Amino acid sequence: MTGSILLGIFIIILVLAAILVVRTCSRQPTPAMTAGVELDKGPRAREYGEQLSKMIQKETVSSRFDSDKTKYYEFHEILEELFPLVHKTCEKHVFNGNLLFKWSGKGKAEPILLMSHQDVVEANGSWEHEPFSGYIDGDGRLWGRGTVDTKGSLYCIFRSVEELIAEGFQPEGDVYIASSCTEEFSGEGAPLTVEYLQSQGVKLSLLIDEGGMIMEEPIGGVKGTYAMVGVLEKGYGDLKFIAKGKGGHASAPGKNTPLVRLGKFMADVEKQDPFTSEFNPTVLEMFRRVTPNMNFGMKFVFSNLWLFKPLLKKLMPVISPPGAAMLHTTIAFTMAKGADGLNVLPQEAYVTANLRFIPHQSTDESIELITEKAKGYDLETEVIYKDYPCPVVNYEGDAFKKVEQAINEIYPGVGVSPYVMTGGTDAKYYKNICDNCIRFAPLYINKQQYESIHGVNENIYIGALPMGVDFYKKIIRGN
């Protein structure tokens, strides 16, 4: 290779490096880098905390195997005690323990719906304070199952409507409050509510359900405080993979018995699943908004996705499993069964898997791909349940901007970013009556509080509640 060619390559590399550095340095930090959330220390926070404590003290653990709704009707009595004006003013409907309230407006705007579920998951393990104590400690943290997921936001919804009614306010359009008692196991609550709304010809302009919250460093390496607003919810599926064999005594095993084939299949899927990763528009917009506040190394990469996308698709599962889940359909093996005896080869064994389907490789295509892979191990595939990804909310549309404006006013300087919900919510059932189902709970939480969701020591700052109430007031007022 001649010296002139080497010099040319060197110059090209220098120019490329200069372009990459310039693009990186052009992403200057935003106000979110230094923004913080100042918790309310006054009597309003204390009052709200004490009222939410009453809701927490009522155990509302749900299970698909328990049809008794008595505890939820008792919880409704607490709501009636705490929010008398809501119950006096609004039209109330109960669908087997699931709640829907209608606050009639002036008929000058399309209806909106605010929702947050009343049921919670079990509270196992060793807690610092009893999970249904509703204890408020000296640092202003309210402890208990449901504080974050999601009685905290449910309280803020009811309280915002209660206070607006007390002020004599009437909304321009109808305002609905919905709260299911079956969200934690994707039960009948939300579907029953939607069925009723459809029978009434209701078409919602905006729905706000649980989802992202307000956190510092929401993504590893991203400095600052952000409100993460869910605009895309993946589809859901449960599959069973079945292996059949001759069975027999375990003292004389053959090769590739059912459990062995299932094991090989699962190991293969974990090593190389068949699903394609793509940076969808929501993820690209999320990274566009948070990149300015990344450390230099990450900023260098994410400022130049045009070059580094292929590499990131490979590395994302190692860098951030939650981030990787935003890029592709995921599969997780959850249950298994073999023989009934310790010394018996099973004639039939199976494993189940939970899948979350991404729009670019949606439900049917993803199931077809994993079914083909299973066939390579002589496995049958049974679809236990499947649904489809929800419509993506346009982050440039009026509904998102309305939420974004309210966040900006309540939390000055805090960044707002759309993101992909990797879990499931009741909002998925509303897609036929609402094009703008936003997943966002307007409450500040720290890392420990985020990690306590479905874990131990769930708690929330009572000083975050007034801002949550004010957020919903702004949404209802329309300004």
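1. Start with Met266. This residue lies in helix α7, which covers residues 258-271. The model is predicted, so treat each point below as a computed value.

2. Now look at the neighbours of Met266. Leaving aside residues up to four places away in sequence, Met266 touches Phe333 and Val351. Compare that with Val290. Met266 and Val290 are 24 residues apart in sequence. In space, their C-alpha atoms are 35 Å apart.

3. Next, check the backbone. Most residues other than glycine have a negative phi, and most peptide bonds are trans.

4. Find the bond between Asp149 and Thr150. The peptide bond joining them is cis. Its omega is about -10 degrees. Thr150 sits in the loop between β4 (141-143) and α5 (151-166).

5. Asn256 comes next. Its phi is near 50 degrees, which is positive, and Asn256 is not a glycine. Where is Asn256 placed? It is in the loop between β9 (248-249) and α7. Helix α7 is also the helix that holds Met266. Asn256 has 40% relative accessibility, so it counts as partly exposed.

6. His454 also has a positive phi, near 65 degrees, in a residue other than glycine. Look for His454 in the loop between α14 (447-451) and β16 (459-461).

7. Turn to a helix pair. Two packed helices are described by the angle between their axes and the distance between the axes. Here the pair is α2 (residues 43-57) and α5. Their axes come within 10 Å and cross at roughly 120 degrees. That angle makes α2 oblique to α5, because 65 to 115 degrees counts as roughly perpendicular and over 145 as roughly antiparallel. The crossing of α2 past α5 is right-handed.

8. Which residues of α2 and α5 meet? On the α2 side they are Arg44, Glu47, Tyr48, Gln51, Leu52, Met55 and Ile56. On the α5 side they are Lys151, Gly152, Leu154, Tyr155, Arg159 and Glu163. The residues of this contact divide into six nonpolar, two polar and five charged.

Note on methods
Residues are numbered from 1 along each chain as its sequence is written. This is a predicted model: local features need pLDDT of at least 70, side-chain atom pairs count only at pLDDT 80 or more; totals for chains, interfaces and linings use all residues. Side-chain values use heavy atoms; hydrogens and water are left out. Helices (H or I, at least four residues) and strands (E, at least two) are DSSP runs, numbered from the N terminus. Contact means heavy atoms within 4.5 Å. Buried means under 20% relative accessible area, exposed over 50%, partly exposed in between (1.4 Å probe, protein chains only). Axes are lines fitted to C-alpha atoms, for helices over the stretch in contact, and angles run from 0 to 180 degrees between N-to-C directions. Angles under 35 degrees count as roughly parallel, over 145 as roughly antiparallel, 65 to 115 as roughly perpendicular and the rest as oblique. A crossing is left-handed if the near helix is turned anticlockwise from the far one by less than a right angle, and right-handed if clockwise. Ala, Val, Leu, Ile, Met, Phe, Trp, Tyr, Cys and Pro count as nonpolar, Asp, Glu, Lys and Arg as charged, and the others, Gly among them, as polar.
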